[in-house]
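Keep the structure in view as you read.

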Amino acid sequence: MFNLSYLCTMAGIYIHIPFCKKACTYCDFHFTTSLKQVDEMTNAICTELDLKKDRMTEQVHSIYFGGGTPSVLPIASLQQIFEKLTRNFAIASHAEITLEANPDDLNAPKLKELRQLPINRFSIGIQSFFEEDLLWMNRAHHAEEAESCIKRSQDAGFENLSIDLIYGYPLLSDSKWQANINKAIELQTPHISAYSLTVEERTALANAIQKGQQKGLSDEQSAQQFLRLTEELQKAGFEHYEISNYALPGQYAVHNTNYWRGVPYFGIGPSAHGFDGHTRQLNIANNAKYLAQLGVGRLAETREELTLTDRFNEYIMTSLRTMWGTDLQKIAQEFGASLARETHRQLQPFITNGQVLLDGEKAKLTTQGKLFADGIAASLFAGDEDE
């Protein structure tokens, strides 16, 4: 069972793997579709782990391979990274170790190899179980693979699975969305992450919409599909523990929940960021420059000292997204009683209109409030007058 008091002492490591087979039309993450520098990148990541090993003395309770598409890495590269991790850090025996994966990579031979590694959780980029939707997104996998990879993973002993779904795009009718939800429930994955499609600058989707080649997105469609997803998953026994995340009881993602609760973690790899409680570290989002820096034994990061206001606003933004809510008592203890009183005052209109529920000292978004989470959080942010 997931223990929050235990969670609050956890340290995590995020490793960004910047390689993909194809560029999805909507994606603005840092990646390349060229796999030529896999070995060089693996060596650089290991060098960064060496250079940062003295920064973390506590046990590591979560390791998350994100990207990009970490599942495109050869097993030898993953083994090399794990050897460095185990040599440099004290990794808890029950640590959650997640690999983001695309369905087409999770074939039987690859799964057999992955069983030899410490990986115990997959986050699988399903996105949709419909072929036409996957083609529209320019995904690398097919609809049949979306379903079969989950069953193969479960048969191979990987039961701790999360799947990603996307909603709010023109091709996704309500009936297709209902079918996607039903399929996700039927496949018995304990964790589901679902994201409303957004149009990011400098993506193929943004360019196509600007040229009139694609329809724009509908906020109303997105809201209705979000509400349907929430209702259906809650009926199926899932807890809506963060705006984009649903889990069966006790199956919350450890690494991501650490992030939302402000637990320190490392960021390793190009474009990765980390947080130590007081500073934010950001690695350069350029493969060539990252490799050049690590090649001569220098970190490719910048550091930002977070002000008290920065940390307060980040706490508001992340905590309000979760089912545990924003704790006014914690605000008083860490940021001052006057700021806690001001936050309570600013919450009143949202409590009155039914978007926020005050549960003791904790402010929690209602289902309707979750549709306006970003705006509500922004209205609670503090200015810099006290800095």
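An open sheet is built from 3 strands in the order β13-β15-β14, with antiparallel pairing. Strands here are DSSP runs of E with at least two residues, helices are runs of H or I with at least four, and both are numbered from the N terminus. Two strands pair if DSSP finds at least two bridges between them. β13 and β14 stand at the edges with a single partner strand each, so one side of each has no neighbour in the sheet. Between β13 and β15 there are 2 bridges. T326 stands opposite A363 in β15.

This is a predicted model: local features need pLDDT of at least 70, side-chain atom pairs need pLDDT 80 or more, and totals for chains, interfaces and linings use all residues. Residues are numbered from 1 along each chain as its sequence is written, and side-chain values use heavy atoms, without hydrogens or water.

| Element | Residues |
|---|---|
| β13 | 326-327 |
| β14 | 356-359 |
| β15 | 362-365 |
| α13 | 328-335 |

Now the helix α13. Which of its residues are buried? They are L328, I331 and F335; buried means under 20% relative accessible area with a 1.4 Å probe, protein chains only. These residues cover an arc of only 60 degrees around the axis, which puts them on the same side of α13. The arc is taken from the directions from the helix axis to the C-beta atoms. They pack against α12, β13, α14 and β14, where contact means heavy atoms within 4.5 Å. Just after α13, G336 takes a positive phi of about 115 degrees.

Note on methods. Buried means under 20% relative accessible area, exposed over 50%, partly exposed in between (1.4 Å probe, protein chains only).
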